[in-house]
Amino acid sequence: VTTSAAGDSLLLQPNALLAPNTQYTFAVSSGVKDTTGASMVPFSMSFTTGTGATTADPTLQFQQVGLPSATGAQFTDVKVGPDHLLYASTEDGRIFRWSINADGTLATPQIITSLQAAEGGQQRLITGFDFDPRSSAASPTLWVSNGWFGTLNAPDWTGKITVMSGPDLQTVQDAVVNLPRSFRDHLTEQPSFGPDGVLYFGQASNSSYGAPDDIWGNRPEHMLNAAILRLDVTKITPGQPLNAMTTDAGGPYNPFAPGAPLTIYASGVRNAFDLVWTHDGVLYAPNNGSSPPGNAPGSPDGTVPAINGVTTYEEDYLYKIVPGGYYGHPNPTIGHYVLDGGNPASGGGSDLIPQYPLGTNPDPAYQGYVFDFGPHPSPNGIIEYQDHTFGGKLQDALLVTEYGQGNDII
């Protein structure tokens, strides 16, 4: 038993495969408390299993090996640099750097605290980083997404993209400041350079379902929230940061202005902690869906009704991101109101919202999903496997880490 990453859903995973064609009952008793200490409402559900599971390929096996020199920190991202060293960011703003031994284990780390020093000794929550494609082994350059340290009652507009460079990452320069920040643990997420040399990153939502709600501090969505953002790094100068506070909140920035360096590549992505560009130039984003309670906005013309108290538990989906696409999380500031797939008169999948009147069509730009992870496994990391181990059976496959359900890699 565990919880979703947000701590708002209870997840149960069997210790072994359940029997086929068998009815089971899952019950939550009156003595169970949530992560805040509040008692949960007693709950019971029954389900019947299917005919059986697909047999796994026994030749595809990884071994989990403990690394004693990589403990004592909450790591958020890991990447191998151009110097063939392993880098990892932490929740408190440090960068660890290890030499990789011949057997794959790690040597004693160098711990870099220059980001904290640049913040006057204060901690910053690093969500992730990527290496500038122009980096050299002698002087790597990291583009680092970071935010206010903490996951509750966070101040808005405290997200940043910061550049760390030099042999020991000793030069720290902000590139973008005043990015949105949710009341809780939705931040400016992990950046990834695309094949065009442009930096892409997820900017998470400020709400459960697109409209302000109590759980998320009644903070509205801003223009850049719930989106995949595109930063043309040739149009900005680290050390002379771009002020990204948008016009809807009284700021100067308009992502739709001609020549804007930071733009909305795709919208409606609630919380994609990580992104991956595949070898053929396709962008994928695993998304974390929401749990009730929460609210969905209505359109000004009344064609999309507001939902006060959404009861749908969203699934976690894998999205194939296309420019201008919409992926289901409403944002009234840029004209998107329909939650997920709406409730059309026919068709649809697990993304239907039955509280909408029948005949509520999806947003015209809605792209849907390419894979359904299920209810809240929290898919928080993704790579494309690029190795011929296992006879090439995993070559070009997407590997996704799941935090909340199984703590596994699929």
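Leaving aside neighbours within four places in sequence, with which residues is Ser-89 in contact?

## Surroundings of Ser-89

Apart from those sequence neighbours, Ser-89 is in contact (heavy atoms within 4.5 Å) with Gln-74, Phe-75, Thr-76, Asp-77, Arg-94, Ile-95, Ile-126, Gly-128 and Phe-129. The model is predicted: local features need pLDDT of at least 70, side-chain atom pairs count only at pLDDT 80 or more, and totals for chains, interfaces and linings use all residues. Residues are numbered from 1 along each chain as its sequence is written, and side-chain values use heavy atoms, with hydrogens and water left out.

Ser-89 belongs to strand β6, residues 86-90 (strands are DSSP runs of E, at least two residues, numbered from the N terminus). With a relative accessible area of 0%, Ser-89 is buried (buried means under 20%, exposed over 50%, partly exposed in between, with a 1.4 Å probe and protein chains only). The side chains of Ser-89 and Thr-76 make a polar contact at 2.7 Å (a pair of N or O atoms within 3.5 Å; within protein, one must be able to donate a hydrogen and the other to accept it, and residues adjacent in sequence count only if both atoms are side-chain atoms).

## Met-45 in strand β4

Met-45 is placed in strand β4, which spans residues 43-48. Met-45 counts as partly exposed because its relative accessibility is 35%.

## Gly-104 in a loop

Gly-104 is found in the loop between β7 (95-98) and β8 (110-112). Its relative accessible area is 44%, so Gly-104 is partly exposed. Gly-104 and Val-400 lie 296 residues apart in sequence, and their C-alpha atoms are 21 Å apart in space.

How values were computed:
Helix = DSSP H or I, 4+ residues; strand = E, 2+ residues; numbered from the N terminus.
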